[in-house]
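Open the structure in your viewer and keep the selection panel at hand. The stops below say what to select and what is there.

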Amino acid sequence: MGFFLETLFGGLMAGMLYALIALGFVLIYKASGVFNFAQGAMVLFAALAMARFSGWYPLWFHFESKLLANLLGFVTAAALMVAVAWLVERLCLSRLVNQDGITLLMATLGIAYFLDGLGQTLFGNDIYKIDVGMPKEPLLVLQGTFDGGVLISQEDLVAALVAATLVALLALFFQKTATGRALRAVADDHQAAQSIGIPLDRIWVIVWSVAGIVALVAGIIWGSKLGVQFSLSLVALKALPVVILGGLTSIPGAILGGLIIGVGEKLSEIYLGPMFGGGIEIWFAYVLALLFLLVRPQGLFGEKIIDRV
Amino acid sequence: MLYRENGQFKTSYRADQQLFPVRQDRVAILALLAVAFVLLPLAAPEYLFRAILIPFLILSLAALGLNILVGYCGQISLGTGAFMAVGAYAAYNVQVRIPGMPLIASLLLGGLCATGVGVLFGIPSLRIKGLYLAVATLAAQFFTDWAFLRISWFTNHSSSGSVSVSGLNVFGLPIESPVSKYLLCLGFVSVFALLAKNLVRASIGREWMAMRDMDVAAAVIGIRPMYAKLTAFAVSSFIVGVAGALWGFVHLGAWEPAAFNIDRSFQLLFMVIIGGLGSISGSFIGAAFIILLPLLLNQVPRWFDMPLSTALASHLESMIFGALIVFFLIVEPHGLARLWSTAREKLRLWPFPH
């Protein structure tokens, strides 16, 4: 039982991290109808910028403080992501208005190639470390209830808390601010939003910037776990089943989908893995999402797809 | 002046329905075939076959298959690499396990196995649509990646995980030299392109296009969605499977599952979209574009004598590739094939404005 709980917690926290990346997809899809395949590249780009700048600043300005370096690195990386968002909107999306979903998807794949190349050209292609002082030692809890207690990685716990905070902040931003209301209006109906004077282009820049900053946070958390390297952009592929399981248009869906996929992946690896010969976590999430979609084609919380002739 | 159909009167239904109704088109196609079948094998250097022509032919065959699914039936698939892998590994198993199996038969059987898998993964398309389907087809991709890596029966228990074929021959003629490989691929591509061109203008092709344009409306006028969608998946994955088998047998010779990974799927989707959705010639144009672009980008630094490290060069290449993809999508979202058809319309009137 202790072992089961340990796996369960591990799964839940991994799920939170998937949700963090899935969130980026959902934000952009909701506001602009673009399925953004470049999210993984954005995570890599942001993490690379953060890792390198926080390393460079102390060298440039001769100071020691780690906190200051990380803060400055974060601000610079965030500014870069806003610049990327603006450029993407200016140069690409605004010229592809009213195209098919598939054309937009391919355009974001092009952006992904570009960002992957740009990030590694500017910042190098070694493995870099991000050290934001995440606690590394595992935590033992519930020692009284179970033999040997339940082992929880503190690092994952902090990451999950950060993710939860971010989601809460985003929810507040979407529900309570004027910009958030405008974003929801655009998500609902582009034309109606435009006709009451909401500027689409500015909204898109905002939403891509928010997605970029979410990518930055995801990049920092994943980067301090795995190291910042090219494979970071593949993490996004793990978030795709989360997105469709939760529904392309739903933020709570992304969170719940992430938790389901995270737990399902860990439990299946332990309890089903030996039957299949291991390594099944690569496809398990996708098959899980596929089977689920057969029952609910719009995902858990996605908007109901209504076919009209 | 040259390209005009004035005076080409159709006096029978047969003449009216032929594949290329304009005489200039027929001449151009015949000339192209003559160049491809006769002139190139005589004149082209070996490098051209190995590095450009053979990959181009095989990938345009795969793009053709994908175009039937995405361009004609409107079902987005990100799992093309998986169907190629199924074709390649099935053909390999047929070749290894059944002694004396003719090469063409095992290639086609590989295609048939891919058809089975394609239909299986096509079943969800009856309920799941659009981008949800696109992501769901990634299940096929990751599942086959895993299966061919982990289940050793598929690779005939090879210890390294990679498989290889040798001593290929067709009707007793050895397929060893680049020219013979090229001709084998060209034969397959010509036959399948002809079949595809005819399929998409037959009733089944029209059903696919109706499905693509609006599936509910198509169902209302009596097109069975299950039949239309699953036949599209079947035909598409058959062609893709044969292309996969050719890619493994003829182009690579020895391969691992990584040869058919998700990048391959994206590459094929790029070809179809850059070339033109719903156009047979678009598959070829797209394949040529995607294959030639990296080769060209590779050459550019050499022209200007810029010493670049390999890592930097590959990053710059991926940047330029991405930027060009976006550029072409902006300039011509309907693909390069549309450029050609616009040019043709202009040519028909030239030199008159109307």
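Select A:Ala77, A:Ala78, A:Met81, A:Val82, A:Val84, A:Ala85, A:Trp86, A:Val88 and A:Glu89 in helix 3 of chain A; they meet A:Asp201, A:Trp204, A:Val205, A:Trp208, A:Ser209, A:Gly212, A:Ile213, A:Ala215 and A:Leu216 in helix 8 of chain A. Colour this selection by class: the residues of the contact are 14 nonpolar, two polar and two charged.

Next, show both helices whole, residues 66–92 for helix 3 of chain A and residues 200–226 for helix 8 of chain A.

## Confidence

Now colour chain A by pLDDT. The average is 84, and 97% of the residues score at least 70. Helix 3 of chain A has the highest confidence in the chain, at 91. Then select residues 138–141, strand 1 of chain A, where confidence is lowest, at a mean of 71. Where pLDDT is low, the predicted coordinates should not be read in detail.

## Where chain A touches chain B

Finally, show both chains. Their contact takes 40 residues from chain A and 39 residues from chain B. On the side of chain A, select helix 4 (101–123), helix 9 (235–246) and helix 12 (281–295), each of which supplies at least two residues. Helix 4 of chain A gives the largest share, 16 residues. By class, the side of chain A that touches chain B has 27 nonpolar, 10 polar and three charged residues.

Methods:
Residues are numbered from 1 along each chain as its sequence is written. Chains are lettered from A and ligands numbered from 1 in the order in which they are written. This is a predicted model: local features need pLDDT of at least 70, side-chain atom pairs count only at pLDDT 80 or more; totals for chains, interfaces and linings use all residues. Axes are lines fitted to C-alpha atoms, for helices over the stretch in contact, and angles run from 0 to 180 degrees between N-to-C directions. Helices (H or I, at least four residues) and strands (E, at least two) are DSSP runs, numbered from the N terminus. Two residues are in contact if their C-beta atoms, placed from the backbone, lie within 7 Å. Ala, Val, Leu, Ile, Met, Phe, Trp, Tyr, Cys and Pro count as nonpolar, Asp, Glu, Lys and Arg as charged, and the others, Gly among them, as polar. pLDDT is the predictor's confidence in each residue, from 0 to 100.
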